Amino acid sequence: MRFMVMVKATKDSEAGAPPTRELVDAMMAYNEELVKAGIMKGGDGLQPSSKGVRVQFDGARRAVVDGPFAETKELVAGYWLWECASLDEAIAWVKRCPNPMPGPSEIEIRPVVDIADFGEMVSPEAAATWDRLKNEVGQS
Amino acid sequence: MRVMVLVKASKDSEAGIMPSEDLLTRMGAYNEELVKAGVMLAGEGLHPSSKGIRMRFSGSERAITDGPFAETKELVCGFWLWQVKSFEEAVEWLKRAPFEDGAEIELRRVFEMEDFGEAMTPELREQEERLQAQAAKLAGKPA
């Protein structure tokens, strides 16, 4: 089963405060463990929302709104993509994560949709297209 | 450069309502274009937040809260990771996506090693590159 693990933003991450050497080392070590365990499928830090935008869709209209965005603790500051046997396993791994921020913080774990989850609701053609696309980006 | 495209949730996505066949078809065609253009690096849909959890970190304390979570339009229901030449290129691609009225999609720059400047020491850079190669090997992909 795959999971998206999101580190939520804080005032510090939104301010672009660089991580301490300690945190960098601790995260590197943690990421090594994730890789060795075969769990790590991807992961990145996101730059503060001041460097981002939101695009709003309304009929044919597209509105582009510049960051920063106000709801700090709902923003994503970083993510991983993991392959785990269960949500419980993902939770156990998140518990071992070093504090990702200088102060209190939050990590959200969300199961990723697999085409198989939709069963008969998806036509065989659609499922085949999905598989082909995944193969093309080397994601399967 | 890489960008992350975060698709925000809606009442429908949180209710686990499947997109229409028409929307799925248009999204499939859009994803094909992204792949053909070499822009698509990754993309996934997320199950509703009722299937997820949040873990609060405070010192050595860890506290788990089960979904669902209330602030629907701030929740993520899907994402892409794109490789683009500029942020503006990403914005143009996003404007062409077949989202429906009321959709709000967030576009964020991804930190690359160059962005860390002097904080990314040669030792750290080497460790990071080795980790990425190791991860790619385990995933059966070219590094």
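This is a predicted model: local features need pLDDT of at least 70, side-chain atom pairs count only at pLDDT 80 or more; totals for chains, interfaces and linings use all residues.

What does the side chain of A:Lys8 meet in a salt bridge? The partner is A:Glu74, with 3.8 Å from N to O. A:Lys8 belongs to strand E1 of chain A, while A:Glu74 sits in the loop between strand E4 (61–66) and strand E5 (76–83) of that chain, so the pair ties together parts that are 66 residues apart in sequence. A:Glu74 is buried too, because its relative accessibility is 9% and the cut-off for buried is under 20%.

This pair is part of something wider. A network of salt bridges links A:Lys8 and A:Glu74 with A:Lys73, A:Glu106, A:Glu108 and A:Arg110, and with B:Arg54 and B:Glu71 from chain B. Over all chains, the structure holds 30 salt bridges. Side chains of opposite charge can pair when their charged atoms come close.

In one of them, B:Glu44 pairs with A:Arg2, and the closest N and O atoms are 2.6 Å apart. This pair crosses between chains: B:Glu44 is in strand E2 (residues 40–45) of chain B, and A:Arg2 is in strand E1 (residues 2–8) of chain A. Both A:Arg2 and B:Glu44 are buried.

In the other, B:Glu92 and B:Lys95 meet with 3.6 Å from N to O. Both residues lie in helix H3 (residues 87–95) of chain B, 3 residues apart, or about one turn of the helix. B:Glu92 counts as partly exposed at 45% relative accessibility, and B:Lys95 as partly exposed at 28%.

Which residues of H3(B) are buried? They are B:Phe87, B:Ala90, B:Val91, B:Trp93 and B:Leu94. Seen down the axis of H3(B), these buried residues fall within an arc of 165 degrees, so they line one face of the helix. Their cover comes from both chains: it includes strand E3 (53–58) and E4 of chain A, along with strand E1 (2–8), helix H2 (21–36), strand E5 (76–83) and strand E6 (104–109) of chain B.

Now to the nonpolar packing. The largest nonpolar core has 34 residues, and those with the most contacts inside it are A:Tyr30, A:Leu34, A:Trp80, A:Trp82 and A:Val94. Elements giving two or more residues to this core are E1, helix H2 (21–36), E5, helix H3 (87–95) and strand E6 (105–111) of chain A, together with strand E3 (53–58) and helix H4 (122–138) of chain B. H2(A) supplies the largest share, 6 residues.

A:Ser49 is placed in the loop between strand E2 (40–45) and E3 of chain A, and counts as buried at 0% relative accessibility. A polar contact of 2.6 Å joins the side chain of A:Ser49 to that of A:Glu14. Beyond four places in sequence, the residues that A:Ser49 touches include A:Gly67, A:Pro68, A:Phe69, A:Leu75 and, from the other chain, B:Arg108.

A:Ser13 lies in helix H1 (residues 11–14) of chain A and is buried at 18% relative accessibility. The side chain of A:Ser13 reaches the backbone nitrogen of A:Thr10 at 2.9 Å. Not counting residues up to four places away in sequence, A:Ser13 touches A:Pro48, A:Ala77 and A:Met101.

Finally, step back to chain A as a whole. Chain A has 4 helices and 6 strands, in the order β-α-α-β-β-β-β-α-β-α along the sequence. Of its 140 residues, 49% are buried. Among contacts in chain A with a separation of 6 or more, 74% are between residues 24 or more positions apart. The C-alpha trace of chain A spans about 50 × 45 × 25 Å along its principal axes.

Notes. Residues are numbered from 1 along each chain as its sequence is written. Chains are lettered from A and ligands numbered from 1 in the order in which they are written. Side-chain values use heavy atoms; hydrogens and water are left out. A salt bridge is a side-chain nitrogen of Lys or Arg within 4 Å of a carboxyl oxygen of Asp or Glu. Buried means under 20% relative accessible area, exposed over 50%, partly exposed in between (1.4 Å probe, protein chains only). The arc is that of the directions from the helix axis to the C-beta atoms. Contact means heavy atoms within 4.5 Å. A polar contact is a pair of N or O atoms within 3.5 Å; within protein, one must be able to donate a hydrogen and the other to accept it, and residues adjacent in sequence count only if both atoms are side-chain atoms. A nonpolar core is a set of buried Ala, Val, Leu, Ile, Met, Phe, Trp, Tyr and Cys residues joined through side-chain atoms within 4.5 Å.
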